[in-house]
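Student: Can you walk me through this one? I'd like to start with the ligand site.
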Amino acid sequence: MDKSSHVYDTPPAGANADWTVPQNWEAFSADEHAMWDQLFARQTAMLPGRAADAFMRGIDVLKLTRPGIPDYRELNARLTSATGWQIVAVPGLVPDEVFFDHLANRRFPAGNFIRAPEQLDYLQEPDVFHDVFGHVPMLADPVFADYMVAYGKGGLRSLGFGALDHLARLYWYTVEFGLIQQADGLRIYGAGIVSSYAESIFALDDPSPNRIMFDLLRVMRTQYRIDDFQQNYFVVSNIEQLLQVTVETDFAPLYARLDSLTDIPAGEVLADDVVVTRGTQEYAKGAGR
Ligand code: PHE
Ligand code: CO
């Protein structure tokens, strides 16, 4: 796969100044719609009992009148009435500032392409299945919806502190790879997990990764890998608490402290971590993916 195929420095031809493009739903082929349907059926069959209640509630927003890749005209009518959010199509990964500005304004940018059949189980770049199936259900949750807005505003602010790398870890370990401790057990809510068949199983059931209670500063110190299953997952008690601690904390002093604190390698457990399950790290020590 050509990893750079959907990564640009300036809006490509046909894109607007904010990098959005028309979804052009009619242009997706029958095979592309069938790919969505296949991925959608596989995930919705396996997620009950694994995905957070909030995510399961939000899946209904994706059940549109026609099968296939969601038509944003119909999807956005539903999502906007739930939480004020909308999905906008973009050609691929967009610059940080553009991304944050969309989030701050309740717009979630979604890659306007779908994976090829040989990428059924893994691709490094977010496609429409990851972006829409993975992110939309939580965006339909009012509390999480507010968290994403706050994150977008915080992202714009972080650029002024040169703190993007630290803040990005918060997104990674919550929005993409977060776990939640429900009364009836540990559940997944991160989009990178719920949109992946294999990681939906690994994140909850595999003995290899550490599962550690969420701590804001700890998370922003923790390295992550983008090319394989995570070695750590961080567990929030509930989304309200995640929203509260991030909104009520001024990150400026944290960014200043982070400059002199060392990074924590992925897979490491600290003495004051509240550990939910201590991993063997067997998977990471082996061949990996
Ligand atoms: N409170 C953060 C700040 O002072 C902003 C933020 C909110 C960041 C929520 C992430 C998530 O920058
Ligand atoms: Co994502």
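Tutor: One definition to begin: Ala, Val, Leu, Ile, Met, Phe, Trp, Tyr, Cys and Pro count as nonpolar, Asp, Glu, Lys and Arg as charged, and the others, Gly among them, as polar. This is a predicted model: local features need pLDDT of at least 70, side-chain atom pairs need 80 or more, and totals for chains, interfaces and linings use all residues. Residues are numbered from 1 along each chain as written, chains are lettered from A and ligands numbered from 1 in written order, and side-chain values use heavy atoms, without hydrogens and water.

Student: How does the shell around ligand 1 divide by residue class?
Tutor: Six nonpolar, three polar and two charged. Being near means a heavy atom within 4 Å. Among the surrounding residues are Tyr 147, Leu 170 and Asp 250.

Student: Which helix gives the largest share of that shell?
Tutor: H6, with five residues. H6 (142–161) and H11 (239–248) each supply at least two. Helices are DSSP runs (H or I, at least four residues), numbered from the N terminus.

Student: Which side chain has an N or O atom 2.5 Å from a ligand 1 oxygen?
Tutor: Arg 157. A polar contact is a pair of N or O atoms within 3.5 Å. A backbone N or O atom of Thr 249 is 2.7 Å from a ligand 1 nitrogen. For Phe 251, a backbone N or O atom is 3.0 Å from a ligand 1 oxygen.

Student: New topic. How many aromatic pairs?
Tutor: 21, counting Phe, Tyr and Trp (six-membered ring) ring centres within 6.5 Å. Trp 36 and Phe 129 pair edge-to-face (planes over 60 degrees apart), at 5.2 Å and 70°.

Student: Why does that pair tie parts together?
Tutor: Trp 36 lies in H1 and Phe 129 in H5, so it links parts 93 residues apart in sequence.

Conventions: A polar contact is a pair of N or O atoms within 3.5 Å; within protein, one must be able to donate a hydrogen and the other to accept it, and residues adjacent in sequence count only if both atoms are side-chain atoms. Rings of Phe, Tyr and Trp (its six-membered ring) pair if their centres lie within 6.5 Å; planes under 30 degrees apart count as stacked, over 60 as edge-to-face and the rest as tilted.
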